[in-house]
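Good morning, and thank you for the time.

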Amino acid sequence: MKLSDAIDGWLAERPMTLRELAERAVATGLLVDELDDEGFGPVDEVEDVISRSDAYWTRGDESSDGEVVLTRTFLETGMTLTHRVTEEEAVAGAVAEMPDLSVVLFDRRDGLLLDDASGRVVADDSDPRSPSIVGPEGWIERVQPGDLLAFTRTDGVLSVEVVDEAELGDGAAEIDALRGAAANWIGAGRGEEETPVVMEAMARDASLFRRPVPPLGELLDAAGYERRGHEWGRADEPWRTRQERAAGRDEEVRRRYGLEGCCDRAYARVDAAWRLYLRAEPVDGAALADDLGHGMVAPAFAHVHEDVATLVAEFADELAGTTSGRHAAPAVALAGLGRLRAGDPEGAVARLDAAVAAAPDLEGAAATLAVLEMDRGNVSRARSLVAGADVELGVVELVEDEQRRRAALVPSAGRNDPCPCGSGRKFKKCCGAGGGAAAVSGLAARVPLVLQRLGHFALGPDGHPVRVGLALSASDGHDDVLGAMERFLFDPFLVDVALHEGGLGDAYLAQRGVLLEADEVALIEVMLVEPRRVWEIVEVVVDESLTLRDTGSGDVVVVRERAGTRGREVGELLLARVAEVAGGRMMFGVPVVVPLRERERVLAVLDEWVDADGLASWFGSLFLPPRLQTREGEELVLRLTVCELVGDVASEVVEAALDDAFERAGEEPFWREMATVDGGDRIVRGTVRMEEGVLVVESTSVERQERILATLDGVFDYVVVEDEEADLRDAPPDRDVSPGPAWDELPAEVQEVVAAQMAEYEERWVDEPVPALGGLTPREALDDPTRREDLIALLREMRAMRPPDGAVGMSADRIEGLLGIDE
């Protein structure tokens with residue numbers, strides 16, 4: 001039995017989830033309960049069958065847990081949709097399919113038999129802007145403009161009849177169901193066609209649309225949606241259709257390629273010719289030669305239309321066929337760019353090569369071909385290409401840097417000496433001829449070159465959308481979001497995330513992998529599947545290696561590393577990817593030093609499916625100012641509220657009431673709210689002072705301020721005349737925030753008091769739970785083999801932190817003495 005037939009039978013009983021269907025398929029021997037080499041299992045195979053057929057619909061509401069429904073259970077059981085016939089439709093003998101009748105032929109584009117056996121009703125898609133439903137001659141000849149037609153589908157047969165408006169249901173249940181389904185399909189700011197919305201509504205409740213109700217367009221309008229083109233969006237907010245979003249993307253891509261002014265006008269003329277070509281009208285390559293060859297017009301055009309890249313290449317071939325020589329070169333270049341985006345890099349190289357041969361100064365063609373030649377390892381050819389055209393600086397720097405790196409890796413040899421690779425030929429005829437990959441001693445030595453090319457791809461126009469998304473995730477919580485995004489857009493770690501978790505590495509291989517050396521392809525594949533881990537540095541051999549311990553598994557590895565060893569210390573934690581290359585371990589991408597306080601949080605991120613945006617959000621949070629808290633765990637903010645007393649209340653009465661409610665500080669009219677916290681310490685929560693008929697309340701958290709004001713509510717009638725809040729990370733309003741005197745400028749007696757208080761606090765601290773130590777006290781962590789290294793790392797971080805001028809901090813040396821740790 002075929003899997004699809006079995007699924008049909010099971011779903012005829014009732015809706016089921018993908019997992020339920022997979023379990024039945026395994027139980028009946030149709031599928032094996034194991035994952036294949038690519039990680040696909042029974043659920044994936046069932047989902048593949050479901051996704052390739054219109055016979056099924058997967059419900060999107062949360063309560064159904066993604067249950068799969070047979071579409072015939074609601075399409076073929078008396079589904080009834082209505083439509084008001086226009087004069088044009090009555091004359092033409094055809095009715096508009098959208099929006100009212102879009103699901104009538106959802107799974108039967110070849111048509112349905114009319115119930116009177118007079119013929120078939122079929123979909124006419126000849127005009128994609130206005131698809132219609134047509135039937136046999138005279139099928140609606142008795143219908144008058146304005147009549148309401150009801151289309152009822154039952155067991156593959158369609159009945160069409162005029163309905164009396166008085167017999168219509170109100171459609172209230174359908175409106176509610178459409179509103180719920182639309183919330184699942186129509187996102188904020190974007191539109192969607194009505195078909196999936198209606199299908200979703202009926203899949204959730206097959207009793208809907210079983211009798212004539214107002215036309216679907218009217219129901220969606222009543223549900224709070226509006227139609228533009230073929231799509232519906234929320235009527236109460238701005239939104240864009242797919243076409244409008246595509247136009248916006250067109251503009252954004254053009255901006256990435258620096259098209260403006262004359263370049264933009266040249267692009268518009270090429271786009272106009274493209275539209276003629278799509279209508280099968282003639283195009284003139286000679287007339288477009290200057291426009292296509294203008295700056296980066298051709299690369300931008302190929303990028304905008306990458307979804308139809310093969311068609312772009314055919315368009316360019318037709319343009320090139322109408323002219324020759326230098327005039328044909330820009331069109332030939334566009335044909336190459338189209339083939340590159342269509343997955344044919346070798347064909348792209350051939351056409352770009354021909355274009356540059358005819359017109360060496362074609363900027364876009366020369367730049368793209370130079371990058372492709374770099375992928376092929378032909379650096380000398382890439383260098384000649386960038387020298388012969390006005391190529392963007394980034395490509396020039398990439399070529400020059402790779403040439404410099406390769407030169408350092410190639411064993412020295414004279415042009416007429418035997419080649420160091422051992423081929424027996426002269427160096428000038430072998431590895432010295434093109435600067436190819438063979439000239440480099442081995443794959444391990446080429447890793448930086450491969451990483452550099454990957455980075456260039458990610459930093460180019462293809463990687464821009466992914467990097468913008470990651471920069472936005474990393475900027476979450478930052479006050480200056482635009483400034484943070486500008487900083488994160490080019491951050492090396494986020495570029496690495498874009499390549500690895502963000503999918504750009506896979507995109508690079510898919511587009512250009514065929515040009516690479518086989519061992520470089522294998523290297524990139526290994527890099528892309530290797531997960532990030534948190535490693536502890538066990539040993540550092542400067543300019544040679546790092547010994548790392550996987551904090552998850554405990555495995556210890558030695559990695560070859562030069563620059564990455566400098567400034568590193570034993571005990572530091574690194575978030576990095578490590579993989580085996582050419583018999584040794586190497587670290588890839590950009591390692592990040594993980595503060596001990598962040599270890600548990602980043603491990604939690606890595607424990608689940610590693611999402612690029614989640615990783616970017618964690619990384620961005622490292623740059624946020626610390627969240628200051630009171631000793632009671634409340635967010636630390638300065639609060640100031642001025643309360644004006646109502647009525648003529650004697651100051652003696654006010655003072656007496658405040659004496660009862662708070663603790664007086666000295667002889668002045670100044671009171672404090674006190675509290676006792678863990679450890680028996682008494683702390684000041686806030687203060688109240690009396691000044692000429694007003695009470696000034698100050699505290700260091702919203703919660704504390706509310707408690708003090710609530711106490712005052714029970715004592716006085718007052719009105720708030722001023723209420724301020726300031727983040728302690730900012731300068732408090734009207735306060736002098738200049739730094740205090742340096743420690744050595746303080747009087748000796750003050751230094752003695754502060755030092756004594758700090759020593760007392762350190763003595764308590766070694767016996768208090770510390771989150772960074774997993775909730776253990778420092779003394780307990782010292783005796784716990786699993787946490788001792790964490791304690792050492794925490795003390796190292798403490799030693800590296802220098803208190804600001806005028807402040808004194810905890811001493812790692814004194815704490816080590818309290819714990820009896822010998823260095």
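This is a predicted model: local features need pLDDT of at least 70, side-chain atom pairs count only at pLDDT 80 or more; totals for chains, interfaces and linings use all residues.

Residues are numbered from 1 along each chain as its sequence is written, and side-chain values use heavy atoms, with hydrogens and water left out.

Val719 sits in strand E22, residues 718–727; helices (H or I, at least four residues) and strands (E, at least two) are DSSP runs numbered from the N terminus. Together with Val646 and Val721, Val719 makes a nonpolar surface patch of about 230 Å². Patch members have over 30% relative accessible area and no salt bridge, with like charges joined within 9 Å and nonpolar side chains (Val, Leu, Ile, Met, Phe, Trp, Tyr) within 5 Å. A salt bridge is a side-chain nitrogen of Lys or Arg within 4 Å of a carboxyl oxygen of Asp or Glu, and the areas come from the Shrake-Rupley method with a 1.4 Å probe, where for residues only the protein chains shown count as cover.

Next, is Glu76 buried or exposed? Glu76 is buried, because its relative accessibility is 13%. This residue lies in the loop between helix H4 (72–75) and strand E3 (77–84). Leaving aside neighbours within four places in sequence, Glu76 is in contact (heavy atoms within 4.5 Å) with Arg108, Arg153, Thr154, Asp155 and Gly156.

One of these partners, Asp155, has a positive phi of about 50 degrees although it is not a glycine. Asp155 is in the loop between strands E8 (148–154) and E9 (157–163), and counts as exposed because its relative accessibility is 64%. Ala280 also has a positive phi, near 65 degrees, and is found in the loop between helices H10 (262–278) and H11 (285–292). Ala280 is exposed, with a relative accessible area of 71%.

Which residues does a cis peptide bond join? The pair is Met98 and Pro99, with omega about 5 degrees. Pro99 belongs to the loop between strands E4 (94–96) and E5 (112–114). As background, most residues other than glycine have a negative phi, and most peptide bonds are trans.

Key: Buried means under 20% relative accessible area, exposed over 50%, partly exposed in between (1.4 Å probe, protein chains only).
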